[in-house]
Amino acid sequence: MTFSIVARCSETGMFGVAVSSSSPAVAARCAYARAGVGAVASQNVTDPTLGVRALDLMALGADARQAVEVLRGSTEHMEYRQVLAVDAKGISAIHSGPRALGTWAEASGTDVACGGNLLANPDIPRKMVEAFEASSGHLGDRIMAVMRAALAAGGEAGPVHSAGMKLVDKVSWPVADLRVDWTDDCPIEGLAALWDIYKPQLADYVTRALNPTAAPSYGVPGDE
């Protein structure tokens, strides 16, 4: 019921993950990222612990392939799961269990991995990777272009209702964590609209956390 991307910006080291599904609040269960470490999507009959465990393994020195292999060899019910990972060197890895739902597929490249289940067709992850590799600019913009490309290629077999994007970069918290948890409209376009609002303020929110005296005006009534 899901398609997703995990990605790394080779220029900045920023990581991102985005996911969309017919299920509600998909990003709350499926999207994981840690600055300086990597990004992981855990999906299909989701086990949220897999995202945390993969990041912990990569933080201890495993690359993405090794982390996914450890999960595969040490976790029950992996035949139901999909796990996508990318690490700090741009190595990507994917596990797709044989009991993933419906039409499922995966594709990967340097700095990127894409996958999905209950897809309209098996070409979608490959087209997502191609869209990422053809894109440039801010990682958030590139990821949104990929999610739109997934929709254009067919997306999920049925309508999607939720979407989310998480970005991490240098600090210990996500610099962006945007979600559309349920809508009868297009959640990816809703997410893109949120990103357009949030992107110009992203750096300011980090500055406000690190050093409020250097932060710009908050731009709200009563702020002087």
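The model is predicted, so local features need pLDDT of at least 70 and side-chain atom pairs count only at pLDDT 80 or more, while totals for chains, interfaces and linings use all residues. Residues are numbered from 1 along each chain as its sequence is written, and side-chain values use heavy atoms, leaving out hydrogens and water. Helices (H or I, at least four residues) and strands (E, at least two) are DSSP runs, numbered from the N terminus.

- Four strands make an open sheet in the order 3-4-5-6, with antiparallel pairing; two strands pair if DSSP finds at least two bridges between them.
- Strand 3 (31–34) and strand 6 sit at the edges, each pairing on one side only.
- From one strand to the next, the twist averages 10°.
- Helix 2 (residues 49–59) packs on this sheet and touches strand 3, strand 4 and strand 5, where contact means heavy atoms within 4.5 Å.
- The direction of helix 2 makes about 155° with that of strand 4; axes are lines fitted to C-alpha atoms, for helices over the stretch in contact, and angles run from 0 to 180 degrees between N-to-C directions.
- Helix 3 (residues 64–74) lies across strand 5 and strand 6, at about 20° to strand 6.

- Strand 5 runs antiparallel to strand 4 (residues 38–43), joined by six bridges, and antiparallel to strand 6 (residues 92–96), joined by five.
- Q82 is the bridge partner of Q43, and Q82 also has S96 in strand 6 as a bridge partner.
- Strand 5 and strand 6 form a hairpin with four residues between them, and G90 in the turn has a positive phi of about 85°.

**Helix 7**
- L202, V206 and R208 are the buried residues of helix 7 (residues 202–210).
- Seen down the axis, these buried residues fall within an arc of 160°, so they line one face of helix 7; the arc is that of the directions from the helix axis to the C-beta atoms.
- Their cover includes strand 9 (162–168), strand 10 (174–180) and helix 6 (187–198).

**A loop serine**
- S135 sits in the loop between helix 4 (124–134) and helix 5 (139–152).
- S135 is buried, with a relative accessible area of 18%.

Methods
Buried means under 20% relative accessible area, exposed over 50%, partly exposed in between (1.4 Å probe, protein chains only).
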